[in-house]
Amino acid sequence: DAAIVMTYMYPTTSVALRLLPQRIPTVFVPTAHDEPAFRLPAMATAFRQPQSFGFLTPEEEDLVRRWHRVTQPSEVIGVGVDLPHDVGDNPRIRRELGLGEDPYLVCVGRVDSGKGTRDLLSMFSVYSEQHASRLRLVLVGEDPSASSPGVTALGFLSDVEKHAVIAGAVALVQPSFMESFSIVLCEAWAHEVPVVVNRLCAVTAGQVARAQGGLAFGRYNEFEYVVNELLHRDETRRAMGAAGRRFVGNEYAWPAVTGRLLATVDHAIAADGVSRHSTKSLR
């Protein structure tokens, strides 16, 4: 009935968008964010081809419509998330990973400049120097060489271990500048853990604002404020975590996401029918 093409900057996507929309109603889910590849002139041609779009967030939709001037119908579909039945904790796993009883922030993902992790490490270093606190920063992901005073780099973990580490955190920090959607925010909210995001990333800042599930920072003084707010205000931290879980349950439950995805297919079929009727009329 229709084709769904996902993720904009791969050769298979480019070829599919040249060939498929002429033959079958086509939905494009670009998972785009503002980066040099997105702004290439060749991308403008690709973005004009599909009959409809599915976006992960309102911010992604706004970016695509502003930059590539697309007018096709669309839906903000989000991403499906499986919520655990409870927000169960697992301190045994954390002890086995050497985390002990000290409070900590957790960051899940690559340790590099593009993901904002280097900036996070610098800000946390300054925070540790200025505050007499046992707070640690725990890194989960691909570069375990980033350990420094107050920082524990665990490297790759199993899903069970990752969720245990997230569930025990004061907050999850997502410092990335460029995202089309952040699943790790949803994973934290599933455990009623609030999140801290980079204010310069419109997508994650938008997710947090809609969920009321955390705080955003830009400069160091904002980072210092949000960390102190979540570290020392238990009621605020619990309220944000609970709001985040409600948001995920309402917005990213599979029935809701599936319904919005199927709506994009309906849009594509309808637009394709209008286009083919217009072509026949011209002939």
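A search of the whole structure, which is a predicted model, finds zero disulfides, a disulfide being a pair of cysteine sulfur atoms within 2.5 Å. The sulfur of Cys 107 has its closest cysteine sulfur in Cys 201, and because the two are 13 Å apart, they are too far from each other for a bond. Cys 201 is likewise in no disulfide, with the sulfur of Cys 107 as its nearest at 13 Å. Cys 107 is buried, at a relative accessible area of 3%, and Cys 201 is buried at 2%. Buried here means under 20% relative accessible area, exposed over 50%, and partly exposed in between, with a 1.4 Å probe and protein chains only.

Lys 162 is also a buried residue, with a relative accessibility of 14%. Lys 162 lies in helix H6, which spans residues 159–167; helices (H or I, at least four residues) are DSSP runs numbered from the N terminus. Leaving aside residues up to four places away in sequence, Lys 162 touches Val 108, Leu 157 and Glu 187, where contact means heavy atoms within 4.5 Å.

As for confidence, the protein averages a pLDDT of 90, and 93% of the residues score at least 70; pLDDT is the predictor's confidence in each residue, from 0 to 100. Over residues 277–283 the pLDDT is below 50, and this stretch has zero contacts in the model beyond near neighbours in sequence. Where pLDDT is low, the predicted coordinates should not be read in detail.

Residues are numbered from 1 along each chain as its sequence is written, and side-chain values use heavy atoms, with hydrogens and water left out. In this predicted model, local features need pLDDT of at least 70 and side-chain atom pairs count only at pLDDT 80 or more, while totals for chains, interfaces and linings use all residues.

Key. Helices (H or I, at least four residues) and strands (E, at least two) are DSSP runs, numbered from the N terminus.
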